[in-house]
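Subject: Structure handover

Hello,

Here is the structure for you to look over. My notes on it follow below.

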Number of protein chains: 2
Amino acid sequence: MTSRPTREPLSRPVVVAAAVALADAEGLDAVSMRRLAERLGVVPMALYKHVADKDDLVDAMVDQLIAELDPPPPPSGRDGWLAAVRGTIRSARAAVLRHPWARRAIETRTRRTPAVLGHMETLTQLFLAGGLSPDLTHHAMHLLGNRIWGFSPELFNAPVGPTSARSRRTPPPDPAHYPGILAIAADATARRPDATGCDEDFEFDFALDVILTGVARLHAQGWDSTR
Amino acid sequence: MTSRPTREPLSRPVVVAAAVALADAEGLDAVSMRRLAERLGVVPMALYKHVADKDDLVDAMVDQLIAELDPPPPPSGRDGWLAAVRGTIRSARAAVLRHPWARRAIETRTRRTPAVLGHMETLTQLFLAGGLSPDLTHHAMHLLGNRIWGFSPELFNAPVGPTSARSRRTPPPDPAHYPGILAIAADATARRPDATGCDEDFEFDFALDVILTGVARLHAQGWDSTR
DNA sequence: AGGGTAGGTGTACGCTGTACACCAGGTCAA
DNA sequence: TTGACCTGGTGTACAGCGTACACCTACCCT
C-alpha cells in the first residue's frame, strides 16, 4: 500500500483561517503570502488558487471576524432600538478585542464585502425598526463611523501598531509645553491612580453614549436634514 | 571660472517638502525613498542623512501639514469655546482636504510628535478655557477621536485609497439583500437627486454638531466621570 | 481513451526599505 | 600648515515583498 503523506488540501476557508491564526499569533505584518504559505506547508503561489490577491485575503479575514459576531438581539419595546444597537456594537467590540489585528485591517479596507454590508444592514435595520427616519438613520451611521466595528481611534495611547521602540533623532517632547494635556492627565491619574494609560472601554462606552443619546434626542424632536 | 553645477543642497525641510509635493501629485503610495530621491536628483541613501527612516519622513510630512493650520481663534464670551473648537477643527479639515494623502498618513501614525501634541494641546486649552473640567475635556477629546484632524471614517463611499478597479472573484453584492441600506440610499437620493455619494461635508459638520452639543449639555449639567 | 480542469510547483521580475563601506570637501585645533 | 574630524552624498548589496507566467500532475467526465 502506498503511504500517502498527503497534506490536508487547501481551500479558501483553510487559507483564511490560517491567516487569521497567524495574525492572532504574530500580528498583521507577519501575514505575508510567503510566511502564510510556509505555515501551510505549501509554495507561496499555491495560495493564489484560493484568494485573488493579498487584498482579497485580508478582506476575507475581516469577513471571517464578522462571522463571529453575535446575531442582533431582538429589539423590544419603545427605545429598545437603543439597547439593541448598543448590544450589536458591543459584540463587534468584543470581536476586535479578541483579534488585535482587526482594527488596522478594518481601517485599511476599501471594499464593502457582503459581510461588511451585512453588519451595516443589521444596524440600519435596528434604527429603522426603532422608528427613526431613513434620513436620521443615514446620518447616525456616519456619525458612528468606525465605532460600529467596536473601536474608536486612539488619541493618547501610543502602542497600537508595532511598538517600534527605535531611537529617533527627535528628542522626546517636553511635558511643560503642554499644560492642558498635562492637566487632564493629572486629573485622570488622580481618579485612577493605579492605571496605565486611558481606560479604552470607558472611552468607548462614553462615546457611544453621547452619540446615541444625541441621536435619540434628534429623533424625539423630529429632526430632518433639510432644515 | 569653474562652472558649478551644484544642486541646491538637501536638508530635512527640503526633503519633507518634496515628499509632500510628491504625495500631493501622485498619492502617498508614490512616496518611496527611491522615487523621492530621484525627484531630488540624488541617490536614495542620501535621504537618510536627513530623515531617520521612512516612518520618520511620514511623521514629518504630517507635521508640515499641521504647520499649515490656522492659529486658534481667540475664544470670546460664554460658549465661545464651542465656536473656537469648531473653527480649529474646521481648519484641520481644510488642510486634509488640500492634501488627500493626509487622511491615510495620519491614521497610520503611532508617534505623538510635538506638532501633533500641539494641535491636541490647542483643543484641550479651548475646552478648559471654556470652563469644562479636565475630566470632561479628557473624554471629549477621546470622543472626537480622529475628527480633530478634520475627517471622519468613510462608511458608504468607496474611493478613498487607490481605486483599484480590478475584477474580483466575488460577485458584486445584491442590493435586494440590504433593504435597510437601500431605504436610506433611496431617501438620500430623493433629497439630493443630482448627487453622487454622500455629502461628506454635511456628515462631518453633523457629527461635530452632535458631539459638541452633547459635550456642552454634559458640561451644563456638571457631568463627572465618577458617577 | 482522451480532453478539461483544479490545484500545487518553480522560476523570475520589479519593487520596497535600509545596512554598510566609502569618499570628497569644509572646519577647526595644534 | 598640517592633520583630524565631521557633514553630506555615493555605490553596492541584501532580504523581503506581491505576483505574473509556464508547467506539471491527478482526477473527473464524456
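Two residues are in contact if their C-beta atoms, placed from the backbone, lie within 7 Å. By that rule A19(B) touches V31(B), L36(B), L57(B) and M61(B), leaving out residues up to four places away in sequence.

A word on the source. This is a predicted model, in which local features need pLDDT of at least 70 and side-chain atom pairs count only at pLDDT 80 or more, while totals for chains, interfaces and linings use all residues. Residues are numbered from 1 along each chain as its sequence is written, and chains are lettered from A and ligands numbered from 1 in the order in which they are written.

Next, the core. A nonpolar core is a set of buried Ala, Val, Leu, Ile, Met, Phe, Trp, Tyr and Cys residues joined through C-beta atoms within 7 Å. Buried means that 20 or more other C-beta atoms, placed from the backbone, lie within 10 Å of a residue's own. The largest nonpolar core has 104 residues. A19(A), M61(A), I211(A), A19(B), M61(B) and I211(B) touch the most other members.

Then the chain pair. 49 residues of chain A are in contact with 49 residues of chain B. On chain A, the elements giving two or more residues to that side are α6, α7, α8 (179-191) and α9. Helices here are DSSP runs (H or I, at least four residues), numbered from the N terminus. The largest share, 8 residues, comes from α7(A). By class, this side of chain A has 23 nonpolar, 16 polar and 10 charged residues. Ala, Val, Leu, Ile, Met, Phe, Trp, Tyr, Cys and Pro count as nonpolar, Asp, Glu, Lys and Arg as charged, and the others, Gly among them, as polar.

Look at α7(A), residues 134-144. Of its 11 residues, 10 are buried. Their cover includes α6 and α9 of chain A, plus α8 and α9 of chain B. G145(A) follows α7(A), with a positive phi near 60°.

Best wishes

Conventions:
A residue is buried if 20 or more other C-beta atoms lie within 10 Å of its own, exposed if 12 or fewer, and partly exposed in between; C-beta atoms are placed from the backbone.
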